[in-house]
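Morning, everyone. I have one model to show, and I will keep to two places in it. Please have a look at it first.

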Amino acid sequence: MLSRLCDFMPGLNTLLNYERSWFSDDVKAALSVAAVALPVAIAYAQLTGVNAAVGLYSCVLPMLVYALFGTSKQLIVGPDAATCAVIAAVVTPLAAGDSVKHWQLAVTMTAMTGFWCLIASRFKLGVLADFLSKPILMGLLNGVAMTIIVGQFSKVLGFSFDEKYLLERLGGIPTYLAQTHVPTLMMALLTVGIYFGMKRLKPTWPPAMFAITVGAILVWLFNLGQFDVQSIGAVTGGLPLFQTPMLNVGVIRELVMPALNLAIVSFVSMMLTARSFAAKNGYDIDPDKEFRALGMANIASALSQGFAVSGADSRTAVNDANGGKTQLVSIIAASIIAIIAIFFTGPLEFIPSAALGVVLIIASIHLLDLKAIWRLRLQDRQAFYLALVTLFSVLFIGVIPGITLAVLLGLFQFIRTVMRPTDQILGVDKNGVVRSLDASDKAKAVDGIFIYRFNSPLTYFNSAYFKRRLLEQYARQKDNIEVVIIDAVPCFTHLDLSVMAMLDDLDKIFRKRDVRFELAGRKRQLRTWFNQVGMKSGSEGIYIHSDLYIALTINKNKLNTNGMIPHNTDLNEVKPS
(Lines give C-alpha, C1' and ligand atoms only; values in the text may rest on other atoms or scores of the structure.)
Protein backbone atom coordinates (compact mmCIF):
# COMPACT_ATOMS: atom_id res chain seq x y z
CA MET A 1 0.00 0.00 0.00
CA LEU A 2 2.80 2.40 0.97
CA SER A 3 4.76 1.56 -2.19
CA ARG A 4 1.72 2.35 -4.34
CA LEU A 5 1.23 5.64 -2.50
CA CYS A 6 4.91 6.53 -2.99
CA ASP A 7 4.61 5.70 -6.68
CA PHE A 8 1.65 8.08 -6.90
CA MET A 9 3.44 10.71 -4.80
CA PRO A 10 7.17 10.45 -5.65
CA GLY A 11 8.08 13.29 -3.31
CA LEU A 12 6.67 11.37 -0.36
CA ASN A 13 9.19 8.60 -0.95
CA THR A 14 12.04 11.11 -0.74
CA LEU A 15 10.66 12.64 2.46
CA LEU A 16 10.17 9.22 4.09
CA ASN A 17 13.80 8.37 3.35
CA TYR A 18 15.10 11.80 4.28
CA GLU A 19 18.66 12.01 5.62
CA ARG A 20 19.41 14.38 8.48
CA SER A 21 22.60 15.58 6.78
CA TRP A 22 20.51 17.18 4.03
CA PHE A 23 18.51 19.43 6.37
CA SER A 24 20.91 22.37 6.77
CA ASP A 25 21.43 22.67 3.00
CA ASP A 26 17.68 22.46 2.36
CA VAL A 27 16.91 25.19 4.93
CA LYS A 28 19.58 27.48 3.45
CA ALA A 29 18.25 26.89 -0.07
CA ALA A 30 14.64 27.42 1.06
CA LEU A 31 15.45 30.83 2.60
CA SER A 32 17.17 31.88 -0.63
CA VAL A 33 14.29 30.62 -2.79
CA ALA A 34 11.72 32.47 -0.64
CA ALA A 35 13.77 35.68 -0.80
CA VAL A 36 13.86 35.50 -4.61
CA ALA A 37 10.27 34.24 -5.03
CA LEU A 38 8.60 37.00 -2.96
CA PRO A 39 9.43 40.04 -5.13
CA VAL A 40 9.08 38.03 -8.34
CA ALA A 41 5.63 36.76 -7.33
CA ILE A 42 4.46 40.30 -6.58
CA ALA A 43 5.89 41.57 -9.87
CA TYR A 44 4.22 38.78 -11.86
CA ALA A 45 0.92 39.50 -10.14
CA GLN A 46 1.21 43.05 -11.47
CA LEU A 47 2.02 41.66 -14.92
CA THR A 48 -1.04 39.40 -14.79
CA GLY A 49 -3.22 42.30 -13.67
CA VAL A 50 -4.26 41.02 -10.24
CA ASN A 51 -3.62 41.98 -6.61
CA ALA A 52 -0.09 41.40 -5.30
CA ALA A 53 -1.38 38.90 -2.73
CA VAL A 54 -2.54 36.66 -5.58
CA GLY A 55 1.08 36.29 -6.66
CA LEU A 56 1.93 35.09 -3.15
CA TYR A 57 -1.02 32.66 -3.14
CA SER A 58 0.30 31.28 -6.43
CA CYS A 59 3.51 30.24 -4.68
CA VAL A 60 2.19 28.46 -1.59
CA LEU A 61 -0.14 25.55 -2.42
CA PRO A 62 1.42 24.84 -5.84
CA MET A 63 4.88 24.48 -4.26
CA LEU A 64 3.52 22.17 -1.56
CA VAL A 65 1.63 20.04 -4.09
CA TYR A 66 4.57 19.77 -6.47
CA ALA A 67 6.85 18.79 -3.59
CA LEU A 68 4.68 15.67 -3.13
CA PHE A 69 3.73 14.81 -6.73
CA GLY A 70 6.77 15.94 -8.74
CA THR A 71 9.72 13.73 -9.63
CA SER A 72 12.33 16.51 -9.73
CA LYS A 73 14.17 17.13 -6.47
CA GLN A 74 15.37 20.62 -7.41
CA LEU A 75 12.55 22.12 -9.49
CA ILE A 76 10.69 25.07 -7.95
CA VAL A 77 7.26 25.85 -9.41
CA GLY A 78 5.69 29.28 -9.31
CA PRO A 79 4.65 32.27 -11.40
CA ASP A 80 6.55 32.50 -14.65
CA ALA A 81 7.00 35.36 -17.12
CA ALA A 82 5.62 33.44 -20.08
CA THR A 83 2.55 32.07 -18.26
CA CYS A 84 1.72 35.47 -16.78
CA ALA A 85 2.06 37.16 -20.17
CA VAL A 86 -0.29 34.58 -21.71
CA ILE A 87 -2.90 34.98 -18.96
CA ALA A 88 -2.78 38.76 -19.22
CA ALA A 89 -3.14 38.64 -23.01
CA VAL A 90 -6.20 36.38 -22.79
CA VAL A 91 -7.95 37.71 -19.71
CA THR A 92 -7.53 41.48 -20.08
CA PRO A 93 -9.82 41.96 -23.12
CA LEU A 94 -12.42 39.58 -21.67
CA ALA A 95 -12.49 41.34 -18.29
CA ALA A 96 -13.09 44.77 -19.89
CA GLY A 97 -11.64 46.63 -16.91
CA ASP A 98 -13.57 44.74 -14.20
CA SER A 99 -10.92 43.75 -11.61
CA VAL A 100 -13.07 41.09 -9.93
CA LYS A 101 -13.94 39.51 -13.28
CA HIS A 102 -10.27 39.71 -14.25
CA TRP A 103 -9.34 37.70 -11.15
CA GLN A 104 -12.15 35.19 -11.75
CA LEU A 105 -11.05 34.68 -15.35
CA ALA A 106 -7.42 34.19 -14.32
CA VAL A 107 -8.47 31.58 -11.74
CA THR A 108 -10.74 29.83 -14.26
CA MET A 109 -8.03 29.72 -16.91
CA THR A 110 -5.57 28.35 -14.33
CA ALA A 111 -7.99 25.55 -13.38
CA MET A 112 -8.56 24.70 -17.05
CA THR A 113 -4.81 24.58 -17.65
CA GLY A 114 -4.50 22.17 -14.73
CA PHE A 115 -7.24 19.90 -16.10
CA TRP A 116 -5.59 19.85 -19.53
CA CYS A 117 -2.35 18.72 -17.86
CA LEU A 118 -4.16 15.94 -15.96
CA ILE A 119 -5.83 14.74 -19.17
CA ALA A 120 -2.45 14.71 -20.92
CA SER A 121 -0.93 12.75 -18.04
CA ARG A 122 -3.81 10.24 -18.10
CA PHE A 123 -3.13 9.52 -21.77
CA LYS A 124 0.64 9.42 -21.13
CA LEU A 125 1.40 12.42 -23.29
CA GLY A 126 4.64 13.21 -21.48
CA VAL A 127 6.26 12.84 -24.91
CA LEU A 128 4.99 16.38 -25.52
CA ALA A 129 8.13 17.40 -23.65
CA ASP A 130 9.83 16.78 -26.98
CA PHE A 131 6.97 18.19 -29.03
CA LEU A 132 8.07 21.80 -29.22
CA SER A 133 11.58 21.69 -30.60
CA LYS A 134 14.18 23.79 -28.84
CA PRO A 135 14.45 26.32 -31.74
CA ILE A 136 10.69 26.96 -31.55
CA LEU A 137 10.82 27.37 -27.78
CA MET A 138 13.82 29.70 -28.14
CA GLY A 139 11.87 31.92 -30.51
CA LEU A 140 8.82 31.82 -28.26
CA LEU A 141 10.65 32.76 -25.05
CA ASN A 142 12.64 35.53 -26.74
CA GLY A 143 9.44 36.97 -28.19
CA VAL A 144 7.64 36.84 -24.84
CA ALA A 145 10.65 38.44 -23.12
CA MET A 146 10.72 41.35 -25.61
CA THR A 147 6.98 41.86 -25.24
CA ILE A 148 7.28 42.04 -21.44
CA ILE A 149 10.27 44.38 -21.57
CA VAL A 150 8.50 46.88 -23.84
CA GLY A 151 5.32 46.63 -21.76
CA GLN A 152 7.15 47.32 -18.47
CA PHE A 153 8.83 50.46 -19.77
CA SER A 154 5.53 52.23 -19.16
CA LYS A 155 5.90 51.56 -15.42
CA VAL A 156 9.57 52.47 -15.42
CA LEU A 157 8.98 55.77 -17.23
CA GLY A 158 5.63 56.59 -15.62
CA PHE A 159 3.11 56.55 -18.47
CA SER A 160 0.43 54.20 -19.81
CA PHE A 161 0.33 52.57 -23.25
CA ASP A 162 -2.80 53.19 -25.29
CA GLU A 163 -1.92 50.52 -27.87
CA LYS A 164 -2.30 46.79 -27.36
CA TYR A 165 0.34 45.39 -29.73
CA LEU A 166 4.10 45.73 -29.74
CA LEU A 167 4.49 47.30 -33.18
CA GLU A 168 2.06 50.10 -32.41
CA ARG A 169 3.77 50.70 -29.07
CA LEU A 170 7.18 50.92 -30.70
CA GLY A 171 5.78 53.32 -33.29
CA GLY A 172 4.65 55.68 -30.52
CA ILE A 173 8.00 55.75 -28.68
CA PRO A 174 8.79 59.45 -29.42
CA THR A 175 5.41 60.54 -28.05
CA TYR A 176 5.68 58.33 -24.97
CA LEU A 177 9.23 59.43 -24.16
CA ALA A 178 7.96 63.00 -24.00
CA GLN A 179 5.53 61.86 -21.26
CA THR A 180 8.30 60.48 -19.02
CA HIS A 181 7.60 61.11 -15.33
CA VAL A 182 10.96 62.12 -13.85
CA PRO A 183 10.37 61.02 -10.18
CA THR A 184 9.21 57.58 -11.40
CA LEU A 185 12.25 57.29 -13.66
CA MET A 186 14.53 58.25 -10.74
CA MET A 187 12.98 55.49 -8.61
CA ALA A 188 13.56 52.99 -11.43
CA LEU A 189 17.19 54.05 -11.84
CA LEU A 190 17.71 53.81 -8.08
CA THR A 191 16.30 50.27 -8.16
CA VAL A 192 18.67 49.32 -11.00
CA GLY A 193 21.64 50.78 -9.10
CA ILE A 194 20.79 48.95 -5.87
CA TYR A 195 20.11 45.69 -7.72
CA PHE A 196 23.43 45.55 -9.54
CA GLY A 197 25.31 47.06 -6.59
CA MET A 198 24.06 44.22 -4.40
CA LYS A 199 24.97 41.64 -7.03
CA ARG A 200 28.51 43.02 -7.05
CA LEU A 201 29.02 43.59 -3.32
CA LYS A 202 26.91 40.75 -1.87
CA PRO A 203 26.37 38.21 -4.65
CA THR A 204 24.85 35.65 -2.23
CA TRP A 205 22.09 38.07 -1.12
CA PRO A 206 18.79 38.34 -3.08
CA PRO A 207 19.25 41.63 -5.01
CA ALA A 208 15.62 41.94 -6.16
CA MET A 209 14.32 41.61 -2.60
CA PHE A 210 16.83 44.17 -1.31
CA ALA A 211 16.16 46.69 -4.12
CA ILE A 212 12.38 46.49 -3.71
CA THR A 213 12.66 46.76 0.08
CA VAL A 214 14.75 49.94 -0.18
CA GLY A 215 12.27 51.38 -2.68
CA ALA A 216 9.32 50.62 -0.39
CA ILE A 217 11.09 52.22 2.59
CA LEU A 218 11.75 55.38 0.58
CA VAL A 219 8.11 55.58 -0.56
CA TRP A 220 6.93 55.19 3.04
CA LEU A 221 9.57 57.41 4.65
CA PHE A 222 9.35 60.39 2.26
CA ASN A 223 5.73 59.96 1.20
CA LEU A 224 6.74 59.80 -2.45
CA GLY A 225 3.10 59.34 -3.41
CA GLN A 226 2.78 63.12 -3.22
CA PHE A 227 5.15 63.27 -6.23
CA ASP A 228 2.92 60.80 -8.12
CA VAL A 229 5.36 57.90 -7.66
CA GLN A 230 2.96 54.96 -8.03
CA SER A 231 3.04 52.05 -5.61
CA ILE A 232 1.10 48.78 -5.77
CA GLY A 233 -1.39 49.99 -3.16
CA ALA A 234 -3.25 48.10 -0.47
CA VAL A 235 -2.63 44.34 -0.42
CA THR A 236 -5.39 42.23 1.10
CA GLY A 237 -3.73 39.86 3.54
CA GLY A 238 -5.02 36.78 5.29
CA LEU A 239 -6.32 33.61 3.78
CA PRO A 240 -7.46 33.85 0.14
CA LEU A 241 -11.10 34.83 -0.34
CA PHE A 242 -12.83 32.33 -2.59
CA GLN A 243 -13.95 33.77 -5.92
CA THR A 244 -16.53 31.83 -7.91
CA PRO A 245 -15.00 30.62 -11.20
CA MET A 246 -16.52 31.99 -14.39
CA LEU A 247 -19.21 29.52 -15.48
CA ASN A 248 -20.43 31.47 -18.49
CA VAL A 249 -20.31 29.03 -21.42
CA GLY A 250 -19.34 31.73 -23.91
CA VAL A 251 -16.44 32.93 -21.77
CA ILE A 252 -15.23 29.40 -21.03
CA ARG A 253 -15.24 28.67 -24.75
CA GLU A 254 -12.84 31.59 -25.20
CA LEU A 255 -10.46 30.09 -22.62
CA VAL A 256 -10.34 26.46 -23.81
CA MET A 257 -7.66 26.75 -26.51
CA PRO A 258 -5.52 29.37 -24.72
CA ALA A 259 -5.53 27.10 -21.65
CA LEU A 260 -4.42 24.15 -23.82
CA ASN A 261 -1.64 26.25 -25.37
CA LEU A 262 -0.59 27.39 -21.92
CA ALA A 263 -0.53 23.80 -20.62
CA ILE A 264 1.74 22.65 -23.47
CA VAL A 265 4.13 25.58 -23.32
CA SER A 266 4.33 25.51 -19.51
CA PHE A 267 5.03 21.79 -19.52
CA VAL A 268 7.70 21.93 -22.23
CA SER A 269 9.42 24.87 -20.54
CA MET A 270 9.23 23.13 -17.16
CA MET A 271 10.66 19.90 -18.57
CA LEU A 272 13.65 21.70 -20.07
CA THR A 273 14.49 23.08 -16.62
CA ALA A 274 13.70 19.85 -14.73
CA ARG A 275 15.72 17.65 -17.09
CA SER A 276 18.78 19.90 -17.03
CA PHE A 277 18.97 19.92 -13.22
CA ALA A 278 18.11 16.21 -12.97
CA ALA A 279 21.00 15.41 -15.34
CA LYS A 280 23.31 17.64 -13.33
CA ASN A 281 22.41 15.91 -10.07
CA GLY A 282 22.36 12.37 -11.44
CA TYR A 283 18.75 11.19 -11.39
CA ASP A 284 15.87 10.71 -13.83
CA ILE A 285 12.43 12.28 -13.99
CA ASP A 286 9.16 10.85 -15.30
CA PRO A 287 7.51 13.11 -17.94
CA ASP A 288 4.00 11.68 -17.43
CA LYS A 289 4.21 12.17 -13.66
CA GLU A 290 5.58 15.66 -14.23
CA PHE A 291 2.55 16.45 -16.39
CA ARG A 292 0.28 15.25 -13.58
CA ALA A 293 2.25 17.22 -10.98
CA LEU A 294 1.99 20.40 -13.06
CA GLY A 295 -1.75 19.84 -13.47
CA MET A 296 -2.29 19.34 -9.75
CA ALA A 297 -0.12 22.37 -8.95
CA ASN A 298 -2.24 24.56 -11.24
CA ILE A 299 -5.49 23.24 -9.80
CA ALA A 300 -4.10 23.89 -6.30
CA SER A 301 -3.23 27.42 -7.40
CA ALA A 302 -6.77 27.96 -8.70
CA LEU A 303 -8.29 26.63 -5.47
CA SER A 304 -6.15 29.07 -3.48
CA GLN A 305 -7.18 31.90 -5.84
CA GLY A 306 -3.81 32.06 -7.57
CA PHE A 307 -2.90 32.02 -11.25
CA ALA A 308 -1.10 29.54 -13.51
CA VAL A 309 2.36 28.30 -12.53
CA SER A 310 5.20 26.53 -14.28
CA GLY A 311 8.76 25.50 -13.59
CA ALA A 312 10.70 28.59 -12.51
CA ASP A 313 14.22 28.32 -13.92
CA SER A 314 15.67 31.24 -11.93
CA ARG A 315 14.35 29.98 -8.58
CA THR A 316 15.39 26.43 -9.45
CA ALA A 317 18.90 27.70 -10.19
CA VAL A 318 18.94 29.50 -6.82
CA ASN A 319 17.84 26.28 -5.12
CA ASP A 320 20.58 24.25 -6.79
CA ALA A 321 23.27 26.89 -6.25
CA ASN A 322 22.52 26.92 -2.52
CA GLY A 323 22.80 23.15 -2.23
CA GLY A 324 19.12 22.18 -2.08
CA LYS A 325 18.89 18.40 -1.95
CA THR A 326 15.18 17.52 -1.83
CA GLN A 327 11.60 18.70 -2.22
CA LEU A 328 11.71 19.87 1.42
CA VAL A 329 13.10 23.14 0.01
CA SER A 330 9.72 23.83 -1.65
CA ILE A 331 7.82 23.00 1.54
CA ILE A 332 9.90 25.34 3.74
CA ALA A 333 9.91 28.16 1.16
CA ALA A 334 6.14 27.85 0.68
CA SER A 335 5.63 28.03 4.45
CA ILE A 336 7.66 31.24 4.68
CA ILE A 337 5.71 32.85 1.84
CA ALA A 338 2.40 31.71 3.40
CA ILE A 339 3.25 33.38 6.70
CA ILE A 340 4.04 36.65 4.91
CA ALA A 341 0.90 36.42 2.74
CA ILE A 342 -1.34 35.86 5.76
CA PHE A 343 0.17 38.08 8.45
CA PHE A 344 2.63 40.61 6.97
CA THR A 345 1.16 42.08 3.79
CA GLY A 346 0.81 45.63 5.20
CA PRO A 347 4.28 46.89 4.17
CA LEU A 348 3.82 45.52 0.65
CA GLU A 349 1.55 48.44 -0.31
CA PHE A 350 4.55 50.79 -0.39
CA ILE A 351 6.42 48.81 -3.05
CA PRO A 352 6.89 51.18 -6.01
CA SER A 353 5.52 50.01 -9.36
CA ALA A 354 8.68 51.27 -11.06
CA ALA A 355 10.78 48.91 -8.93
CA LEU A 356 8.58 45.97 -9.90
CA GLY A 357 8.88 47.00 -13.55
CA VAL A 358 12.67 46.92 -13.22
CA VAL A 359 12.56 43.45 -11.63
CA LEU A 360 10.36 42.17 -14.49
CA ILE A 361 12.63 43.71 -17.13
CA ILE A 362 15.72 42.14 -15.55
CA ALA A 363 13.97 38.77 -15.28
CA SER A 364 12.91 39.02 -18.92
CA ILE A 365 16.41 39.97 -20.05
CA HIS A 366 17.58 36.65 -18.59
CA LEU A 367 15.13 34.94 -20.96
CA LEU A 368 16.67 36.69 -23.96
CA ASP A 369 19.23 34.71 -25.91
CA LEU A 370 19.30 36.18 -29.41
CA LYS A 371 22.88 34.99 -29.88
CA ALA A 372 21.70 31.39 -29.58
CA ILE A 373 19.13 31.99 -32.32
CA TRP A 374 21.79 33.59 -34.52
CA ARG A 375 24.13 30.63 -33.95
CA LEU A 376 21.42 28.36 -35.34
CA ARG A 377 22.00 30.06 -38.70
CA LEU A 378 25.32 28.23 -38.99
CA GLN A 379 24.28 25.02 -37.21
CA ASP A 380 20.89 24.29 -38.74
CA ARG A 381 19.33 26.71 -41.22
CA GLN A 382 15.87 25.10 -40.92
CA ALA A 383 15.93 25.42 -37.11
CA PHE A 384 17.02 29.05 -37.51
CA TYR A 385 14.01 29.85 -39.70
CA LEU A 386 11.64 28.09 -37.26
CA ALA A 387 12.99 30.15 -34.36
CA LEU A 388 12.67 33.39 -36.35
CA VAL A 389 9.11 32.68 -37.48
CA THR A 390 8.06 31.98 -33.89
CA LEU A 391 9.87 35.06 -32.57
CA PHE A 392 8.32 37.46 -35.09
CA SER A 393 4.89 35.86 -34.68
CA VAL A 394 4.91 36.62 -30.95
CA LEU A 395 6.18 40.15 -31.59
CA PHE A 396 3.87 41.09 -34.45
CA ILE A 397 0.61 39.18 -33.93
CA GLY A 398 0.63 38.74 -30.16
CA VAL A 399 1.52 36.19 -27.49
CA ILE A 400 -1.48 33.87 -27.88
CA PRO A 401 -1.40 33.64 -31.70
CA GLY A 402 2.37 33.27 -31.45
CA ILE A 403 2.11 30.37 -29.03
CA THR A 404 -0.60 28.75 -31.18
CA LEU A 405 1.66 29.08 -34.19
CA ALA A 406 4.58 27.62 -32.21
CA VAL A 407 2.48 24.57 -31.30
CA LEU A 408 1.39 24.17 -34.93
CA LEU A 409 4.98 24.56 -36.13
CA GLY A 410 6.03 21.78 -33.77
CA LEU A 411 3.25 19.59 -35.15
CA PHE A 412 4.07 20.40 -38.77
CA GLN A 413 7.75 19.78 -38.14
CA PHE A 414 6.91 16.31 -36.83
CA ILE A 415 4.50 15.58 -39.71
CA ARG A 416 7.07 16.74 -42.26
CA THR A 417 9.66 14.40 -40.74
CA VAL A 418 7.22 11.49 -40.92
CA MET A 419 5.95 12.38 -44.40
CA ARG A 420 9.37 12.93 -45.96
CA PRO A 421 11.85 10.83 -43.97
CA THR A 422 15.31 9.73 -44.97
CA ASP A 423 15.75 6.41 -46.77
CA GLN A 424 18.65 4.08 -47.48
CA ILE A 425 19.80 1.46 -49.92
CA LEU A 426 21.43 -1.44 -48.09
CA GLY A 427 24.26 -3.76 -49.02
CA VAL A 428 26.64 -6.23 -47.38
CA ASP A 429 30.19 -5.61 -46.15
CA LYS A 430 33.09 -8.06 -46.24
CA ASN A 431 32.08 -9.49 -42.87
CA GLY A 432 28.55 -10.29 -44.00
CA VAL A 433 26.96 -7.39 -42.10
CA VAL A 434 24.06 -5.59 -43.78
CA ARG A 435 24.67 -1.84 -43.77
CA SER A 436 23.94 1.32 -45.75
CA LEU A 437 25.58 1.99 -49.07
CA ASP A 438 27.43 5.29 -48.80
CA ALA A 439 30.52 7.14 -49.93
CA SER A 440 32.72 5.17 -47.51
CA ASP A 441 32.35 2.15 -49.80
CA LYS A 442 32.46 -0.23 -46.80
CA ALA A 443 29.46 -2.14 -48.15
CA LYS A 444 28.64 -3.31 -51.64
CA ALA A 445 25.30 -3.95 -53.27
CA VAL A 446 24.36 -7.60 -53.62
CA ASP A 447 24.21 -8.69 -57.27
CA GLY A 448 20.61 -8.95 -58.41
CA ILE A 449 19.15 -7.84 -55.06
CA PHE A 450 17.91 -4.36 -54.17
CA ILE A 451 17.44 -3.78 -50.40
CA TYR A 452 15.52 -0.66 -49.36
CA ARG A 453 14.91 0.91 -45.93
CA PHE A 454 12.37 3.70 -45.25
CA ASN A 455 13.09 5.45 -41.94
CA SER A 456 9.56 6.28 -40.81
CA PRO A 457 6.33 4.47 -39.95
CA LEU A 458 4.25 4.00 -43.08
CA THR A 459 0.78 5.53 -43.02
CA TYR A 460 -1.76 6.96 -45.44
CA PHE A 461 -0.06 10.35 -45.87
CA ASN A 462 3.42 9.06 -46.75
CA SER A 463 2.61 5.81 -48.58
CA ALA A 464 2.62 7.55 -52.00
CA TYR A 465 6.03 9.09 -51.17
CA PHE A 466 7.35 5.65 -50.15
CA LYS A 467 6.19 4.17 -53.46
CA ARG A 468 7.71 7.02 -55.46
CA ARG A 469 11.05 6.89 -53.66
CA LEU A 470 11.29 3.11 -53.94
CA LEU A 471 10.64 3.16 -57.68
CA GLU A 472 13.03 6.10 -58.18
CA GLN A 473 15.84 4.33 -56.31
CA TYR A 474 15.10 1.08 -58.11
CA ALA A 475 15.23 2.82 -61.50
CA ARG A 476 18.72 4.19 -60.72
CA GLN A 477 20.19 0.69 -60.31
CA LYS A 478 22.46 -0.25 -63.20
CA ASP A 479 22.54 -3.97 -62.46
CA ASN A 480 19.85 -6.42 -63.43
CA ILE A 481 17.63 -6.59 -60.31
CA GLU A 482 15.76 -9.84 -59.70
CA VAL A 483 14.66 -9.32 -56.08
CA VAL A 484 13.49 -6.18 -54.22
CA ILE A 485 13.60 -6.56 -50.42
CA ILE A 486 12.03 -3.99 -48.06
CA ASP A 487 13.32 -3.77 -44.48
CA ALA A 488 9.90 -3.88 -42.81
CA VAL A 489 11.04 -3.30 -39.23
CA PRO A 490 11.23 0.55 -39.20
CA CYS A 491 8.27 1.27 -41.46
CA PHE A 492 5.53 -1.34 -40.86
CA THR A 493 4.38 -0.39 -37.35
CA HIS A 494 0.59 -0.47 -37.69
CA LEU A 495 -2.11 -1.60 -40.08
CA ASP A 496 -3.13 1.03 -42.62
CA LEU A 497 -5.40 0.17 -45.56
CA SER A 498 -3.80 2.79 -47.80
CA VAL A 499 -0.38 1.24 -47.16
CA MET A 500 -1.65 -2.26 -47.92
CA ALA A 501 -3.20 -1.05 -51.19
CA MET A 502 0.12 0.61 -52.08
CA LEU A 503 1.98 -2.66 -51.43
CA ASP A 504 -0.44 -4.49 -53.72
CA ASP A 505 0.24 -1.92 -56.48
CA LEU A 506 4.00 -2.33 -56.06
CA ASP A 507 3.70 -6.11 -56.24
CA LYS A 508 1.84 -5.83 -59.54
CA ILE A 509 4.42 -3.39 -60.92
CA PHE A 510 7.35 -5.64 -60.05
CA ARG A 511 5.62 -8.81 -61.29
CA LYS A 512 5.26 -7.19 -64.71
CA ARG A 513 9.04 -6.73 -64.65
CA ASP A 514 9.67 -10.34 -63.45
CA VAL A 515 11.02 -9.03 -60.14
CA ARG A 516 10.21 -10.70 -56.83
CA PHE A 517 8.90 -8.29 -54.19
CA GLU A 518 9.76 -9.26 -50.59
CA LEU A 519 9.34 -7.90 -47.08
CA ALA A 520 11.84 -8.71 -44.32
CA GLY A 521 10.83 -8.42 -40.67
CA ARG A 522 7.58 -8.44 -38.65
CA LYS A 523 6.55 -11.66 -40.40
CA ARG A 524 3.77 -12.74 -38.03
CA GLN A 525 2.33 -9.22 -37.84
CA LEU A 526 2.40 -8.73 -41.61
CA ARG A 527 0.79 -12.08 -42.32
CA THR A 528 -2.03 -11.20 -39.91
CA TRP A 529 -2.58 -7.90 -41.71
CA PHE A 530 -2.48 -9.60 -45.11
CA ASN A 531 -5.18 -12.04 -43.98
CA GLN A 532 -7.30 -9.20 -42.59
CA VAL A 533 -7.33 -7.28 -45.87
CA GLY A 534 -7.43 -10.36 -48.15
CA MET A 535 -3.97 -9.95 -49.69
CA LYS A 536 -1.90 -12.94 -50.77
CA SER A 537 1.66 -13.70 -49.68
CA GLY A 538 4.33 -16.14 -50.82
CA SER A 539 4.50 -17.37 -54.43
CA GLU A 540 1.03 -15.98 -55.15
CA GLY A 541 1.74 -12.57 -53.67
CA ILE A 542 4.43 -10.77 -51.67
CA TYR A 543 7.13 -12.86 -50.00
CA ILE A 544 7.42 -12.21 -46.23
CA HIS A 545 10.53 -13.24 -44.26
CA SER A 546 11.30 -13.08 -40.55
CA ASP A 547 14.23 -10.70 -41.02
CA LEU A 548 16.86 -9.52 -43.47
CA TYR A 549 19.13 -12.43 -42.54
CA ILE A 550 16.51 -14.97 -43.63
CA ALA A 551 15.73 -13.02 -46.79
CA LEU A 552 19.40 -12.92 -47.79
CA THR A 553 19.96 -16.57 -46.86
CA ILE A 554 17.11 -17.65 -49.15
CA ASN A 555 18.85 -15.72 -51.90
CA LYS A 556 22.28 -17.12 -50.95
CA ASN A 557 23.20 -18.10 -54.47
CA LYS A 558 23.16 -14.45 -55.44
CA LEU A 559 25.17 -13.58 -52.33
CA ASN A 560 27.81 -16.18 -53.25
CA THR A 561 28.19 -14.77 -56.74
CA ASN A 562 28.40 -11.23 -55.41
CA GLY A 563 32.01 -11.62 -54.40
CA MET A 564 31.51 -9.58 -51.22
CA ILE A 565 31.51 -12.58 -48.90
CA PRO A 566 34.62 -14.81 -48.95
CA HIS A 567 34.04 -18.39 -50.10
CA ASN A 568 34.94 -19.71 -46.63
CA THR A 569 32.32 -17.49 -44.92
CA ASP A 570 29.37 -19.34 -43.46
CA LEU A 571 26.15 -17.72 -44.72
CA ASN A 572 24.80 -18.03 -41.18
CA GLU A 573 27.20 -15.22 -40.30
CA VAL A 574 25.30 -12.76 -42.47
CA LYS A 575 23.66 -10.38 -39.99
CA PRO A 576 21.35 -7.39 -40.30
CA SER A 577 22.82 -4.07 -39.23
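Is strand E8 (residues 516-520) mostly covered or mostly uncovered? Mostly covered: four of its five residues are buried, where buried means under 20% relative accessible area, exposed over 50% and partly exposed in between, with a 1.4 Å probe and protein chains only.

Before I go on, the basis. This is a predicted model, in which local features need pLDDT of at least 70 and side-chain atom pairs count only at pLDDT 80 or more, while totals for chains, interfaces and linings use all residues. Residues are numbered from 1 along each chain as its sequence is written, and side-chain values use heavy atoms, with hydrogens and water left out. Helices (H or I, at least four residues) and strands (E, at least two) are DSSP runs, numbered from the N terminus.

Back to E8. Strand E7 (residues 483-487) pairs with E8 in the parallel sense over five bridges; pairing takes at least two DSSP bridges between two strands. Here Asp487 stands opposite Ala520. With helix H21 (residues 497-512), E7 and E8 form a right-handed β-α-β unit: with the strands pointing away from the viewer, the path from the first strand over the helix to the second runs clockwise.

E8 also pairs with strand E9 (residues 543-545), parallel, over three bridges, and Glu518 stands opposite Tyr543. E8, helix H22 (residues 523-533) and E9 make a right-handed β-α-β unit.

Beyond its neighbours within four places in sequence, His181 contacts (heavy atoms within 4.5 Å) Leu157, Gly158, Phe227, Asp228 and Val229. His181 and Phe227 are 46 residues apart in sequence and 9.7 Å apart, C-alpha to C-alpha.
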